[in-house]
Structure formats: structure tokens, C-alpha cells
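Q: Got a model open here and want to go through its cores and pockets. Can we start with what a contact is?

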Amino acid sequence: MTLTYKILEKHLLSGKLIPGEEISIRIDQTLTQDSTGTMAYLQFEAMAIGRVKTMKSVAYIDHNTLQTGFENADDHQYIQTVAKKHGIYCSKPGNGICHQVHVERFGVPGLTLLGSDSHTPTGGGIGMLAIGAGGLDVAVAMGGGAYYLTCPKVVGIRLNGKLPYGVAAKDIILEVLRRLTVKGGVGKVMEYIGDGVASLTVPERATIANMGAELGATTSVFPSDEATRAFLRAQGREQDFTPLTADDDAVYDEMVEIDLDQLVPMVAQPHMPDNVDTVENIGPIKVDQVFIGSCTNSSYQDMMRVARILKGKTVHPDVSLVIGPGSKQVLTMLARNGALADMLGAGARILESACGPCIGMGQSPKTNAVSVRTNNRNFYARSGTKSAGIYLTSCETAAVTALTGVLTDPRCLDIDLEVAQPEKFEVNDNLVIPPVEAGAEDTVEVVRGPNIKPFPMGKALEDHVTGKVLLKMEDNITTDHIMPSNAKLLPYRSNVPHLSDYCLTPVDETFPARAKQEGGGILVAGQNYGQGSSREHAALVPLYLGIRAVAAKSFARIHQANLINNGILPLTFENEADYDRISRDDVLTLPDVRAKIAAGSEKLILRNDTKNEEYTVLLPLTERQKGMILAGGLINYTRENN
């Protein structure tokens with residue numbers, strides 16, 4: 001049995017471990033962050049469950065930390081008080097990025113983790129089965145409900161040998177993306193095996209698992225071995241260690257072989273994480289900005305390698321170098337051992353331990369800039385500057401590039417880059433606020449600021465659905481397109497009416513006004529619609545604008561689930577050529593759709609009233625999902641069945 005199926009089997013509540021079948025699993029831990037967390041806790045409160053029923057739930061504040069008005073601070077207060085009341089630990093601003101901190105302080109091998117952030121799979125680096133989901137799914141899990149998913153295929157990624165000098169774990173996942181693309185992991189778990197795994201530390205494994213999200217994978221998982229034990233021991237948590245590995249004769253649905261000793265430094269070019277080539281092939285392009293950090297590459301090991309490269313040198317005069325250590329633990333250790341002084345001495349700007357530039361929260365590059373970054377996504381305009389080109393690299397490549405001013409292969413260095421894991425990390429959890437004891441919930445008042453507005457609720461499915469095609473979109477439309485997430489909009493994550501004025505504006509600035517004028521409608525899209533962040537707002541805001549259906553060639557996993565959770569129909573063209581036959585402003589109708597779905601039909605007729613044509617669209621739903629669609633979403637369905 002694969003390690004993936006071993007963990008699934010221990011947590012299986014319903015269904016069979018057969019790829020493609022619906023299963024439900026027990027969730028041990030949850031995490032939220034403040035960009036998605038406020039809405040998740042509003043939904044949790046709507047379920048009227050007094051206290052979370054998970055082994056541990058943690059609310060992180062790490063996204064909306066730029067406080068230029070009252071909105072973010074109000075959300076922080078709401079999250080801290082609602083967490084304290086309902087049995088949830090709260091990691092305050094400054095404690096660090098959720099995925100970095102969770103691996104350091106809370107992750108336990110063999111447990112399941114569900115998080116309202118698409119990079120929750122970072123926990124796979126410590127041997128967890130960690131899955132990103134919409135906030136509503138996380139709220140249900142906190143209430144003790146099962147998490148439903150399609151049983152995944154398991155891809156074995158066999159790592160052979162050892163990384164050569166100047167090549168990093170980031171280069172491994174960039175190579176996987178180069179081979180498999182951003183759609184290559186859909187419906188699959190990436191399970192890392194082989195003798196090369198033992199040479200990777202937990203932080204290096206976490207980097208790889210983190211960017212597995214860009215494959216569209218359900219998650220990624222590494223074994224729990226002596227490297228895991230050493231990491232947990234250094235964190236003062238050796239009691240959490242459990243050895244976990246796949247059986248020697250485990251059978252994988254697919255196999256990918258990577259010879260680590262043959263890898264070279266890689267770069268993902270604009271505007272997709274799978275647009276990968278080697279540093280050598282791309283050549284010494286001029287660089288304006290370098291950002292080192294994010295949940296992908298902000299560990300102590302990453303930061304120490306960067307400090308060694310920068311020590312005694314000066315950043316190129318044409319480059320702005322910003323560095324964001326991933327947690328208070330990392331930043332404190334850098335300050336104590338002098339590495340922080342080496343960074344500052346070289347001319348780096350040090351950011352607080354938060355998400356920051358990766359999500360466009362500050363440090364947006366200049367017009368037409370080339371920005372080299374160690375984060376996980378380089379989607380168009382995600383940095384906050386539409387004209388900028390974002391290149392994704394390892395920390396080593398980024399650091400040496402900051403010195404030379406052009407994209408540079410780190411193998412040219414003559415510096416010792418071997419950084420041993422500390423025998424003991426500095427542990428200080430004083431920014432983690434525990435909840436009140438069970439039974440004391442009434443002593444806590446939940447504080448709600450004026451920016452926190454009610455979230456939209458879906459309505460029961462009508463007998464017929466009719467609407468004008470408000471947008472026809474291309475392939476790979478991301479959740480950043482659907483609901484932009486930048487420094488100006490993040491403070492309004494709990495204010496859906498305000499956000500509605502910005503929905504899909506990167507695709508068409510007229511969309512919100514037209515959607516409101518028409519009273520809603522239907523969206524048409526190409527392949528992989530909704531890839532990227534797990535943000536539930538990419539479904540909630542279209543729901544508020546009256547979108548009842550999206551017809552696409554294919555959907556990203558999390559976004560498809562979020563649409564169903566909110567009662568929006570995710571329709572897939574049976575014949576992809578039908579996509580070409582539809583134009584914006586065509587009027588589409590789904591006749592007798594309620595009766596057909598209730599009868600279990602997976603094929604529906606989508607009628608184009610404007611062109612007098614009919615198309616077959618697919619809507620495969622489990623019995624549970626069918627009930628959710630008919631009821632108008634998961635909350636309505638839960639109320640009807642409790």
C-alpha cells in the first residue's frame with residue numbers, strides 16, 4: 001500500500017479507496033488564515049456549533065497584516081475572539097506564515113490537515129496528509145463533519161541520488177512542473193519515494209510539497225523518517241514522531257523518475273509556474289527586484305544559505321532586495337546568530353514574517369520590472385503590477401542574482417552552502433493565543449467591526465436556469481482573475497458587497513456593472529478554470545452577483561468544490577468544440593434542470609436560445625453533492641439534513 005492510502009485508510013469514514021470514487025475522511029487538524037479565515041468563522045458560527053471537535057485547529061493571521069485602515073485590525077480582533085471562544089488556537093500577526101509555523105510547531109506525521117489555503121499541502125513535508133479546501137469545508141470539519149473528496153490516484157515520484165552544489169529543492173519541484181504542467185496533478189497525490197528522499201531535510205521537503213499545489217494535485221506527501229524525527233526533536237516535539245513509509249511493493253498509478261544529481265538551477269517564467277526552463281538557457285536577463293521568502297522558501301535553512309551568499313557583499317545598485325523570514329522563530333534565530341546583520345549589511349530590506357509580496361501585499365515591482373522571487377505563483381498581475389514579469393527560482397539563484405543584477409546560475413559561487421539543521425530550534429510560542437477551557441465559552445465576547453458583513457447564501461435550484469453569457473474566458477483563469485487579492489482589496493475579505501465591484505475585472509473591467517444590470521447570468525471558460533488559491537470568495541462573490549452556472553472545458557479541484565458548496569453549477573462541455581460556438585451575450589438555458597439533477601442525470605442540455613443550438617454538458621455529482629446543488633449550497637443542505 002502507498003503511504004497516501006495508508007493514511008487515508010486510517011481516516012476513512014465512507015467509500016472505498018478506489019480512484020474516482022467519492023470518499024469521506026476524518027480531519028484531525030485544521031488551519032485558516034485571515035484572508036479566508038474571517039469568512040470561514042462566520043460560516044462556522046452560522047452552523048451554531050459551540051466548540052471545534054478536531055484534535056487541534058489553528059487560526060493564523062499572516063495575510064492581511066498591512067494596516068492602513070481599521071479593516072484589517074478589526075478582522076484580526078474578530079478572529080482572535082472567535083477563536084478563543086470556540087476552542088481554536090490563534091497565531092497573532094508577527095508569529096509567521098501559517099504553513100511555515102504549522103510545520104514547525106503543530107504538524108504531526110500521519111495526521112490529516114485541512115486548511116483554507118491552497119498551500120496547506122506544505123504539511124506533506126512532515127508526513128501529514130494535508131489538503132487545501134474552501135473555508136466552508138474547513139468550517140464543517142471544525143464542527144466534526146467529514147471531508148468529502150474524490151479518491152485520488154497516487155503518483156510515485158522517485159528521487160534518485162543527491163542534489164549537486166548550487167541546486168536546491170525548489171529546482172526539484174520546478175522540474176516536476178516542467179514535466180507534468182499545472183494540470184498534471186489534478187485528481188492525484190504526489191508521493192515522494194526513493195533513496196534521494198533521505199538527503200532532503202523537512203524544510204526542503206516542505207518546499208516541494210508546497211509547490212505541488214501548482215500541479216493541481218490534491219496534495220503531496222513525504223515519508224516520516226529519521227530526518228523527520230531529527231526535525232521534531234530540534235523543535236522539542238520528538239513525542240509527535242511516528243515512522244511512516246509506503247510498503248516496499250506499493251503499486252503506483254503513475255511513476256516519475258528524477259535523478260537529483262542531473263538537475264540544474266531552474267526558473268519558472270511569466271506567467272505560469274510550469275513555464276520552466278534552466279537558468280543557463282534563459283540567460284543573464286536584467287533584474288530590477290528580488291524577493292526571498294513566502295511559504296515556499298522562508299525556512300531557517302533557506303535564510304542561512306542566503307545570508308552566506310550575501311555576507312560581505314553589496315546588492316547590485318539597480319536591484320531592490322527584500323527578504324521575508326517565514327516565522328518569528330526563524331527571524332529570532334537569524335538575529336541571534338548574526339545572519340540578519342549580514343543581510344542588512346548587504347543592503348537587503350527585511351520584511352515582517354508574513355505572506356507579503358507573494359500575494360501583492362506590498363513590494364509591488366515598478367512598471368515593466370523583472371522580479372525574481374522564491375514564492376510559488378507568478379500569475380499575471382498577482383504581484384500588484386500588471387506589466388511586471390515574475391520569475392520563480394530557488395533562494396540560491398535569487399540571492400546571487402541580487403548581487404549581480406542579472407539572472408545568475410548559483411553554481412558559479414565559491415561558498416559553502418551546506419547548512420546543518422540546528423540541534424535545537426529556538427521555541428517561543430508567546431504569540432500563539434490558546435482558547436478558553438471547555439465550558440468557559442460564555443466568558444468571551446466575539447468582537448465584530450463594521451467592515452464584517454453577512455455572506456451571501458445560495459437559493460434552492462430553480463426548475464429552469466436561464467442567463468446571458470456575461471463573460472467568455474480563455475484557459476487557466478485563476479482565482480486571482482475571479483477575485484483579485486491585493487493590498488487594496490484584502491482588507492475587505494469579510495465584505496462581499498464591496499468586493500463585488502472588482503470581481504473578474506482583470507478579465508473585463510465592465511463585468512461587475514453588467515452582472516448587476518442583468519441580475520446575474522452564466523460564465524463560460526476554457527480549461528482549468530479556477531486554478532490557484534483556494535479562496536472561497538471566488539465563488540461567494542459571483543454568487544452575490546447572481547451567477548448560477550459556469551460552463552467550462554475543465555475545472556480546478558478546489559474551485560469546483562467551492563462552486564458546489566455555494567450552489568453554483570459547474571458544467572463541463574462533453575464536446576469541447578461547443579465552447580467555440582458560444583459568444584458573449586448569448587442567452588443560455590438549462591431546461592428542467594432541477595428535475596434532471598434530482599433524477600440523477602449527469603448529462604444536461606444547455607440550450608443556446610440566441611443561436612438556436614443545443615450542447616451537452618456534464619455535471620457528475622455524488623448523492624451528497626446533488627443534495628447540495630438542489631438546496632442551494634452546503635449550509636442550506638446541512639440545515640435541511642440536521
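A: Contact here means heavy atoms within 4.5 Å. Keep in mind that this is a predicted model.

Q: Fine. What does Ile597 touch, leaving out residues up to four places away in sequence?
A: Ile597 touches Leu461, Leu569, Leu604, Leu619, Leu621, Lys626, Ile629 and Leu630.

Q: And how many residues are in the largest nonpolar core?
A: That core has 102 residues. Ile597 is among those with the most contacts inside it, along with Phe511, Leu523, Tyr529, Leu569, Leu571 and Leu590.

Q: Which helix gives the most to this core?
A: Helix α5, residues 135-142, with six residues.

Q: What about another core, apart from that one?
A: There is one of 59 residues, including Ile309, Val315, Met333 and Leu334.

Q: Pockets now. How much space lies in the largest one?
A: About 860 Å³. Its lining has 32 residues, and Leu149, Thr150, Arg557, Gln560 and Gln625 lie nearest the centre.

Q: Which elements supply that lining?
A: α5, β8 (147-150), α18 (557-565) and α21 (623-631) each supply at least two residues. α18 gives the most, with five.

Q: How does the lining of the largest pocket divide into nonpolar, polar and charged?
A: Into 15 nonpolar, ten polar and seven charged residues.

Q: And the second largest pocket, how much space lies there?
A: About 490 Å³. It is lined by 20 residues, with Ala381, Lys386, Pro484, Asn486 and Pro506 closest to its centre. By class, the lining of this second pocket has seven nonpolar, eight polar and five charged residues.

How values were computed
Residues numbered from 1 in each chain as written. Predicted model: local features only at pLDDT ≥ 70, side-chain atom pairs only at ≥ 80, totals over all residues. Heavy atoms only, no water. Core = buried A, V, L, I, M, F, W, Y, C linked by side-chain atoms within 4.5 Å. Buried < 20%, exposed > 50% of the residue type's maximum accessible area, 1.4 Å probe, protein only. Helix = DSSP H or I, 4+ residues; strand = E, 2+ residues; numbered from the N terminus. 1 Å grid on protein atoms, 1.4 Å probe; cavity = no way out; pocket = protein on both sides within 12 Å on 5 of 7 lines; lining within 4 Å. Points joined across faces, edges and corners; volume = space filled by probe spheres on them. Nonpolar A, V, L, I, M, F, W, Y, C, P; charged D, E, K, R; others polar.
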